[in-house]
Amino acid sequence: MRKLLMIGAAAVTVVGLGAATTAGQTPRNEAYRLLGLFGDALTIVERDYVVPVDDKKLVEAALQGMMGALDPHSSYMPLKDYGELRERTEGQYSGVGLTISSEGGLVKIISPMDGGPAARAGVQAGDVISSIEGQSASGLTVSQVSEKLRGAAGTNVKVTFLRDGEEPREVTLTREIIKIDSVTGRVEGDYGVLRISTFNENTGRELSDAIAKLKAENPALKGYVIDLRNNGGGLLDAAIAVSDTFLERGEIVSQRGRQPNQILRYAAKPGDLTGGLPLVVLVNYGSASASEIVAGALKDHQRATIVGLTSFGKGSVQSVIPLRGGADGALSITTARYYTPSGASIQKIGIEPDLEVARSFAEAKIVSRSNFIYSEAAYATALDASIGAERKGPHTPHEAPSEAYDKEKDYQLERAFDVLRAGGKLTQLAAAPEGIVVTAPGTAMAAVETSDAPSE
């Protein structure tokens, strides 16, 4: 049975037999001719290469290359990688806690996992893995990098990370069992904060439990913040369950494949566990895929106000298809794009916030000059949006803390609480507090850098 994924890491697919044809040949005959060409090349390598070769290794590398030519999220998973994927979706595995993707020979961080070794070491969305144990990571596939990062709990791995505008940083990470509690909750004053770090098989149940716990702790809650920042995605079913938790009715997401009749629609069932209380959803450029389904559904139904930065923009669906019952790994094939209830495609565009707010002055500078580094739009092989729209280019966020702002504070979360205090209505939201740089759309960051006081 196919399992639908929305993860930001790589996936796998197979080239269809309807490839381009030469004159007088049917698509299937042309495909067989090309397969014969591959067999001829493999025979020559086996016979003439300077040292004996491993056929299995060669074929797996060929599959990886073929898949990588399709889109950033299509890849072949050998048996070991397929097993590790199942562990992640079930909520536990051993590693350093990173969601990664590959483009142009570089492996980039989509999101560090909450509480994992990488997150504790300060690794951020958008960082690039430069080397592992002193060996260059350039040109490696996601599967190859994952294999190097994984290992027995308690063992160390040295990784060098690159970040825009900074010197390379080598970090020693201690591998550990990553037990993914996908949902955590806490009460802050009159409001509940629900942190969703990933979307796995347990997320829907964990979310229901967390809401019940917060209600018991404070029966007079006045609203909720749903924190999806740096959530790289996960299972489509989990995203639907989370959206359904807050909606009484209506479409959550639609999924449209290659053929006009390949349309699936997912609708909410009656029952909002929060009783209709105001909601704010926090997103940033590390919020991808399943996170964007939730944010898009709640935004389109005007059920929540979106605060933060434009999300990653991964609006494609991968179906994991085991090969020979999983004995030879699996293909994770991009089978569809997804659309929000209003019919908008998020692919390469992302979910734009209702209130654009950077968490820090440094983050605002990154977005102002190079936000494409942290988005689906950065990938040369990414699918297009199919609706003619494009992601907003580098620009200065509407609100950003000045350099003097307390770095221990979470400005995005503070503004989320402000929105809730205003009843979830931006029209009643108070102006940004002192120490916050407020810019008009398109304002250059250079002008912001010289100002520590609010300006209109």
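Residues are numbered from 1 along each chain as its sequence is written, and side-chain values use heavy atoms, with hydrogens and water left out. Because the model is predicted, local features need pLDDT of at least 70 and side-chain atom pairs count only at pLDDT 80 or more, whereas totals for chains, interfaces and linings use all residues.

The chain contains 11 helices and 22 strands, assigned as DSSP runs and numbered from the N terminus (helices, H or I, of at least four residues; strands, E, of at least two). Of its 456 residues, 51% count as buried, where buried means under 20% relative accessible area, exposed means over 50%, and partly exposed lies in between, with a 1.4 Å probe and protein chains only. The accessible surface of the chain comes to about 20500 Å², of which 52% belongs to carbon and sulfur atoms; accessible areas come from the Shrake-Rupley method with a 1.4 Å probe, and for residues only the protein chains shown count as cover. Among contacts (heavy atoms within 4.5 Å) between residues at least 6 apart in sequence, 70% join residues at least 24 apart.

Three aromatic pairs are found in the structure, a pair being two rings of Phe, Tyr or Trp (its six-membered ring) with centres within 6.5 Å, classed as stacked if the planes are under 30 degrees apart, as edge-to-face if over 60, and otherwise as tilted. One of them is the stacked pair of Tyr191 and Phe417, with 6.0 Å from centre to centre and 25° between the planes. This pair links distant parts of the chain, since Tyr191 belongs to strand S12 (residues 191-196) and Phe417 to helix H10 (residues 411-421), 226 residues apart. Tyr191 counts as buried because its relative accessibility is 8%, and Phe417 is likewise buried, with a relative accessible area of 4%. A further pair, Phe312 and Tyr379, is tilted because the ring centres are 6.3 Å apart and the planes stand at 55°. Here too distant parts of the chain are linked, 67 residues apart: Phe312 is in the loop between strand S17 (304-308) and strand S18 (316-322), and Tyr379 in the loop between helix H9 (361-370) and strand S21 (399-401). Phe312 is buried at 3% relative accessibility, and Tyr379 is buried at 4%.

Phe417 also touches Glu188, whose contacts, not counting residues up to four places away in sequence, are Val193, Leu413 and Phe417. Glu188 lies in strand S11 (residues 183-188); Glu188 and Phe417 are 229 residues apart in sequence but 9.3 Å apart in space, C-alpha to C-alpha. With a relative accessible area of 30%, Glu188 is partly exposed.

Side chains of opposite charge can pair when their charged atoms come close. A search of the whole structure finds 22 salt bridges, each defined as a side-chain nitrogen of Lys or Arg within 4 Å of a carboxyl oxygen of Asp or Glu. Glu188 forms one with Arg186, the closest N and O atoms being 2.7 Å apart, and Arg186 is partly exposed at 36% relative accessibility. In the salt bridge between Asp227 and Arg229, at 3.0 Å from N to O, Asp227 is buried at 11% and Arg229 is buried at 6%. The side chains of Arg337 and Asp384 also meet at 3.0 Å, N to O, linking strand S19 (residues 330-339), which holds Arg337, to the loop between H9 and S21, which holds Asp384, 47 residues apart. Asp384 is partly exposed, with a relative accessible area of 44%. Salt bridges that share partners join Asp114, Arg195, Asp227, Arg229, Arg359 and Asp410 into one network.

The charged end of Arg256 sits over the ring of Tyr339, 4.0 Å from its centre, a term that requires NZ of Lys or CZ of Arg within 6 Å of the ring centre and within 35 degrees of the ring normal.

Two residues other than glycine have a positive phi: Ser289, near 60°, and Gln302, about 55°.
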